[in-house]
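Please open the structure in a viewer and keep the selection tool at hand.

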Amino acid sequence: MEDAVCPFVYWSQTKTKVHLKIDLREVKKPDVDLLPEQLVFRAEGLGNSGNQLYSFTLDLFQQVIPEETQYQVSDRNVQVTLTKEDEEWWPHLTRQKTKLPWLRVDFDRWRSESEDEAEGRDVMSDYPDVYDRLLQEETAPRDNRLNNFRESYLIMYNLWQLLGFAVILGKLAFRYRLEGEDSMLKAYDTVGVNMKLAQGLQVLEILHPLFGMTRGGVLEPLMQVTGRNLMLFVVLEGEPRMQTKPAVFYLFVVWSLVELVRYPYYTLRIIRREISFVTWLRYTIWIPLYPLGFITEGVLYLRALPYFEETGRFSLAMPNAANMAFHFPTVLKALLLCAFMPGILVVMRHMYRQRRKVIGPAKVKQH
Amino acid sequence: MSKVEILHAGSGKSLFTLNAAPSTSILELKKQVCEKRKGLYPGRVDLKPKQRGKGYGDSDTLASLGLHAGTKLYLKDLGPQIGWVTVFLAEYAGPLVLYLWCFTRPWPLYDAGAAAKPVTTAAKVACACWTIHYAKRLLETLFVHRFSHATMPLSNLFKNCSYYWGFTVFVAYHVNHPLFTPPARPLFITGVVLFTLGELGNLSIHWALRQLRPAGSRVRRIPQPTVNPFTALFSAVSCPNYTYEFVSWLGFTVMTQCLPAGLFTAAGMYQMTVWALGKHRNYKKEFPEYPRGRKAILPGVL
């Protein structure tokens, strides 16, 4: 009877007790099994994945007294109260400090605890740091005012970029309607400036994680921005004959479609809301678009090589004062082999892993 | 006999228990681990008190570490290991051979007829300097250095060799190029002098460090200047060997006036600075009486 899913669980604590609020409705009889250091919960109910069997196991930070466990089933959730063996503050619920995606801190309960607590003490005044630290770890960094500024700035950045790419797609679509296939040779002319502005600004997305304004690594935005800007500002801008290739049209469309999903998703994340369709798009649209983008970029790079051999642009010949030679087409070929080709694999594997984490593996239907 | 519980460092899960006495050494525990887990050998096993952090040394015993019955140790597989000396020899033999090969202006790198064209004195001297530098490194690895570790992860071999061999070809290609233009004589002489001072200084420091540590021991002492005037730099920095190394490569860059050589110097300096800062921090932590005025790598600066 496997294939159970974890429900959302919200936890809070007092000096003597641990409270769990399990987000499941229409639960008839839950199985709540307690060992001194482990809680196993199983129940059929209505939760975030529909009506099915849910279960989770928690290795608790410290021992509890199994006999004194209580639970209460209500219309909206199941509440479990555990009694701690030692009256000590737990820095986290589980023995290991691992982040479980379905386990959250129950801030509402934590806050109201201090008001109607039978023990008559303000829990927060005893351990204000712990509360703040948990809040920090749950949501985003820093002091509130700075945090508000950070969030406002990021929302504005994301919306501005979204607008930019929407305009690009709009202009391309509009011109296509007017001139048909001919317009595909003029994509650079139509939206080149817009694209350079939007892509140029994307350099900020490397600085955001670098300065701790967003979570996530610096490497992924660095790779995407460097790759795209190499194509746009060096290869396309550096050779006018490349700008009238129809592949540029496809390239701009693919880039814009990806961004049209990415920026709304980020904005929703910042305001801590989720529209499941946007999340699904974010973690699915890469499947057709990344390979398309990869092929289009590959085609453009390969077509550009002979032009750069001919013009010698971006190349430096010896003799010169720095005693260094730089043959751009050779370097480009080396980059294609060593960075571009492995890069697409890395990026797609990364997105696949993200997708599994967020959307979950393909569900097997339970009979 | 007491029980030692072994947990997996990555997941924290309990794996198995071992029997041990207070006099059991970490190495013996590691051998027991290897019996339970085929494919492991003691060199790639790390046993540590916390999930993250450093492992215990092989020669320590449970008693000497103050560990009692029922203690828990975390097990980490360090991956396939390769000898430290092996890696160094591969790293340095490559640049030695590759530069000399580039000096002959071979066909994969240059046009036909390039080999016949004249070679500047500067290019010849640069080749001699490069060769001396790496020959010296190879000899030091074999006869001078006393290493603290026996092995390192195998992946380091590929990483390090790529760095050294790649930069060798990058620099050698340009210095040995038929269209290479040497710097003016005064600059060239300055470069050669700097290089020589750097090499002599670097060798002096390595020799002094060897004298500091008796054969077969892993003892650590504060380095101090000796009779050799080059070792006076110890009074100013924790890692004068890196300082002199930088001077050598600065000299090489000046004598060739070659940007790739400059980039190689910068890259090396960056890495050595990172190492020097770490060593400096360790010295200060280990020796409370560590001299205050000393910097890590650049006298008076860093």
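Helices, of at least four residues, and strands, of at least two, are DSSP runs numbered from the N terminus. With that numbering, the loop between α10 (286-311) and α11 (328-358) of chain A can be selected, and Pro319(A) is found there. Please bear in mind throughout that this is a predicted model.

**Stop 1: the loop between α10 and α11 of chain A**

Select Met318(A) together with Pro319(A): the peptide bond that joins them is cis, with omega at about 5 degrees. Next, select Asn323(A), which lies in the loop between α10 and α11 of chain A as well. This residue is not a glycine, yet its phi is positive, near 50 degrees. In general, most residues other than glycine have a negative phi, and most peptide bonds are trans. Is Asn323(A) buried or exposed? Its relative accessibility is 0%, so Asn323(A) counts as buried.

**Stop 2: chain A as a whole**

Now display the whole of chain A. Its secondary structure comes to eleven helices and eight strands. Of its 367 residues, 40% are buried. Among contacts in chain A with a separation of 6 or more, 66% are accounted for by residues 24 or more positions apart.

**Stop 3: the sheet of five strands in chain A**

Select β6, β7, β2, β1 and β8 of chain A. These five strands form an open sheet in the order β6-β7-β2-β1-β8, with mixed pairing. At the edges are β6 (70-73) and β8 (103-105) of chain A, each of which pairs on one side only. From one strand to the next, the twist averages 20 degrees.

Strand β1 (residues 9-13) of chain A pairs with β8(A) in the parallel sense, over three bridges. To find a point of reference in this pair, select Tyr10(A), which stands opposite Arg104(A) in β8(A).

**Stop 4**

Move to β3, β4 and β5 of chain A, which form an open sheet in the order β3-β4-β5 with antiparallel pairing. Here the edge strands are β3 (31-35) and β5 (50-59) of chain A, each pairing on one side only. Neighbouring strands of this sheet are turned against each other by 15 degrees on average, direction ignored. How many bridges join strand β4 (residues 38-47) of chain A to β5(A)? The two pair in the antiparallel sense over ten bridges. Within this pair, Phe41(A) stands opposite Phe56(A) in β5(A).

**Stop 5: chain B as a whole**

Turn to chain B, which has eight helices and six strands. Read from the N terminus on, its elements run β-β-α-β-α-β-β-α-α-β-α-α-α-α. Buried residues make up 42% of the 302 residues in this chain.

**Stop 6: strands β3 and β4 of chain B**

Select strand β3 (residues 45-48) of chain B. Val45(B) and Leu47(B) point one way from the strand, Asp46(B) and Lys48(B) point the other way, and all are buried. The bridge partner of Asp46(B) in β4(B) is Lys76(B).

**Stop 7: helices α4 and α6 of chain B**

Select helix α4 (residues 121-143) and helix α6 (residues 185-212) of chain B. Their axes come within 12 Å and cross at roughly 5 degrees. Angles under 35 degrees count as roughly parallel, and α4(B) is therefore roughly parallel to α6(B). Residues that make the contact include Ala122(B), Cys129(B) and Phe143(B) of α4(B), and Phe188(B), Leu203(B) and Arg210(B) of α6(B). By class, this contact has eight nonpolar, three polar and four charged residues.

**Stop 8: two loop residues of chain B**

Select Arg105(B), in the loop between α3 (84-103) and α4 of chain B. Arg105(B) has a positive phi of about 50 degrees, although it is not a glycine. At 7% relative accessibility, Arg105(B) counts as buried.

Finally, select Ser238(B), in the loop between α6 and α7 (240-256) of chain B. Ser238(B) is buried, with a relative accessible area of 3%. Not counting residues up to four places away in sequence, Ser238(B) touches His280(B), Tyr283(B), Tyr290(B), Lys295(B) and Ala296(B).

Notes: Residues numbered from 1 in each chain as written. Chains lettered and ligands numbered in written order. Predicted model: local features only at pLDDT ≥ 70, side-chain atom pairs only at ≥ 80, totals over all residues. Heavy atoms only, no water. Pairing = 2+ DSSP bridges. Axes fitted to C-alpha atoms, helices over the stretch in contact; angles between N-to-C directions. Parallel < 35°, antiparallel > 145°, perpendicular 65-115°, else oblique. Contact = heavy atoms within 4.5 Å. Nonpolar A, V, L, I, M, F, W, Y, C, P; charged D, E, K, R; others polar. Buried < 20%, exposed > 50% of the residue type's maximum accessible area, 1.4 Å probe, protein only.
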